[in-house]
Amino acid sequence: MTLFELVELTAERAVYDYYPDGDKSDRGQLSFNRIDGTWTVPERAEADRHSSYSNHLCHRLEEFNRSGVFQESGYVAWC
């Protein structure tokens with residue numbers, strides 16, 4: 001599970017802080033390009049060594065981009 005919080009939203013990009021397992025002491029940041037769908041992780045959370053948390057968040061951001069609605073905060077969960 002990943003907790004996410006919107007930091008910045010423009011016509012070009014969405015930037016989110018993310019917290020693996022909801023742990024606010026372990027923050028990462030993901031930047032999603034709304035124009036071409038690419039993304040970067042300028043700050044990787046320590047628990048995200050294998051990019052699992054940021055990958056799941058990126059898939060959610062792709063859904064947000066298709067709908068045009070970016071949530072202020074929420075969770076991404078998987079099993």
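Predicted model: local features only at pLDDT ≥ 70, side-chain atom pairs only at ≥ 80, totals over all residues.
Five strands form an open sheet. Their order is β4-β3-β2-β1-β5, and the pairing is antiparallel. Strands β4 (39-43) and β5 (73-76) lie at the edges, each pairing on one side only. From one strand to the next, the twist averages 30°. In general, the strands of a sheet pair through backbone hydrogen bonds, in either a parallel or an antiparallel sense.

Helix α1, residues 52-67, packs on this sheet. The helix touches β1, β2, β3 (28-33), β4 and β5. Its direction makes about 35° with that of β3.

Strand β1 was then followed to its partners. Strand β1 spans residues 2-9 and β2 spans residues 13-20. The two run antiparallel and share seven bridges. A hairpin of three residues connects β1 to β2. Two of the residue pairings place leucine against tyrosine: Leu 3 has Tyr 19 of β2 as its bridge partner, and Leu 6 has Tyr 16 of β2. Strand β1 also pairs with β5, again antiparallel, through four bridges. Here Phe 4 stands opposite Gly 74 of β5.

Aromatic side chains were considered next. The structure contains four aromatic pairs. One of them joins Phe 64 and Phe 70, with ring centres 5.9 Å apart. Their planes meet at 75°; planes over 60 degrees apart count as edge-to-face, so this pair is edge-to-face. Phe 64 is buried, and Phe 70 is buried as well. Both residues belong to one aromatic cluster, together with Phe 4 and Tyr 16.

Tyr 19, the bridge partner of Leu 3, has a contact of another kind. The charged end of Lys 24 sits over the ring of Tyr 19. The distance from that charged end to the ring centre is 4.8 Å.

Conventions. Residues numbered from 1 in each chain as written. Heavy atoms only, no water. Pairing = 2+ DSSP bridges. Axes fitted to C-alpha atoms, helices over the stretch in contact; angles between N-to-C directions. Contact = heavy atoms within 4.5 Å. Phe/Tyr/Trp six-rings, centres within 6.5 Å; stacked < 30°, edge-to-face > 60°. Buried < 20%, exposed > 50% of the residue type's maximum accessible area, 1.4 Å probe, protein only. Lys NZ or Arg CZ within 6 Å of the ring centre and 35° of its normal.
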